[in-house]
Amino acid sequence: MYAITIPEPGGPEALVWAEVPDPVPGEGEVLVDVVASAVNRADLLQRQGFYNPPPGASPYPGLECSGRIAALGPGVSGWAVGDEVCALLAGGGYAERVAVPVGQVLPVPDGVDLVTAAGLPEVAATVWSNVFMVAHLRQGERLLVHGGSSGIGTLAIQLAKAAGAHVTVTAGSKEKLERCAELGADILVNYREQDFVDSGPYDVILDIVGAKYLERNVDALAVNGRLAIIGLQGGVKAELNLGTLLGKRAAITATSLRARPASEKGAIIAAVREHVWPLVAAGRVRPVVDRTVPMRDAAEGHRILEESGHIGKVLLTR
């Protein structure tokens with residue numbers, strides 16, 4: 001088979017479409033013929049040499065995919081060869097085939113085509129696990145989403161509105177903010193012109209920025225607020241006045257999906273199937289796709305993400 005490889009870390013040109021050995025599904029795994037994958041920020045970090053796959057994972061980038069089941073490994077039940085699926089991966093989505101633990105496989109939601117489904121598993125698992133399973137966003141509470149026009153942001157807006165929450169987003173352009181409003185965002189903050197702290201306080205903040213926003217995020221939290229950090233685009237080190245945190249009885253969590261054991265990922269995927277998939281099937285939540293790029297041209301997909309001109313997901317198609 002062919003896959004996107006990274007012979008040496010570097011810029012987008014470091015991605016090479018090359019022939020590699022076929023994966024073999026192990027105990028409790030299924031083999032998926034990949035139809036599409038998606039570009040995530042973690043893929044850019046892996047390409048640059050900063051985010052290696054966990055032990056035992058595929059060495060190729062790609063943290064989600066859609067396709068058809070080609071084979072079942074030992075001990076797998078409930079699925080059949082030919083089933084159309086999407087899946088959360090620890091790696092290997094930028095390839096013609098990938099082996100996936102069965103607990104990380106999802107049916108394609110009703111009303112979503114097979115290609116578009118490739119952009120759902122990573123964002124759905126990230127948003128549901130952080131905003132709802134960890135931060136426990138409730139009806140009537142206020143959520144702040146940084147990067148509201150991103151793949152994560154566009155889904156977070158919709159899921160929060162479906163839960164009856166009030167949503168504020170940050171983005172860097174009028175066009176991006178307008179798209180967020182179309183998805184249901186209540187307050188729009190252009191971070192180039194406004195301070196998001198001024199529109200607070202917020203019960204939950206979903207943050208992709210990290211160090212650069214840490215102090216202001218805590219300032220913006222309500223009493224008993226919860227800050228969920230899922231990205232480090234603004235750096236990894238910052239100082240924090242713990243007195244402010246204590247005074248608000250607030251909580252900070254930081255999570256990632258890729259290195260979690262399969263059992264934890266399986267629990268998140270099960271929750272996504274139970275809570276998110278019915279909303280997608282009902283049309284209350286929809287994946288937002290900016291564009292598709294041929295998988296062999298994955299370098300172009302990486303350039304698009306690095307330029308941050310996209311809204312929603314950038315997909316790679318076979």
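The entries below take the pairs one by one.

I noted at the start that this is a predicted model, in which local features need pLDDT of at least 70, side-chain atom pairs count only at pLDDT 80 or more, and totals for chains, interfaces and linings use all residues. Residues are numbered from 1 along each chain as its sequence is written, and side-chain values use heavy atoms, with hydrogens and water left out.

I looked up the total and found 13 salt bridges, a salt bridge being a side-chain nitrogen of Lys or Arg within 4 Å of a carboxyl oxygen of Asp or Glu.

I turned to Asp33 and Arg97, whose side chains form a salt bridge at 2.5 Å, N to O. Asp33 belongs to strand E3 (residues 29-38) and Arg97 to strand E6 (residues 97-101), so the pair ties together parts 64 residues apart in sequence; helices (H or I, at least four residues) and strands (E, at least two) are DSSP runs, numbered from the N terminus. Asp33 is partly exposed at 29% relative accessibility, and Arg97 is partly exposed at 28%, where buried means under 20% relative accessible area, exposed over 50%, and partly exposed in between (1.4 Å probe, protein chains only).

I then checked Asp195 and Arg216, which meet in a salt bridge at 3.1 Å, N to O. Asp195 sits in the loop between strand E10 (187-190) and strand E11 (202-207), while Arg216 lies in helix H5 (residues 214-220), so this pair ties together parts 21 residues apart in sequence.
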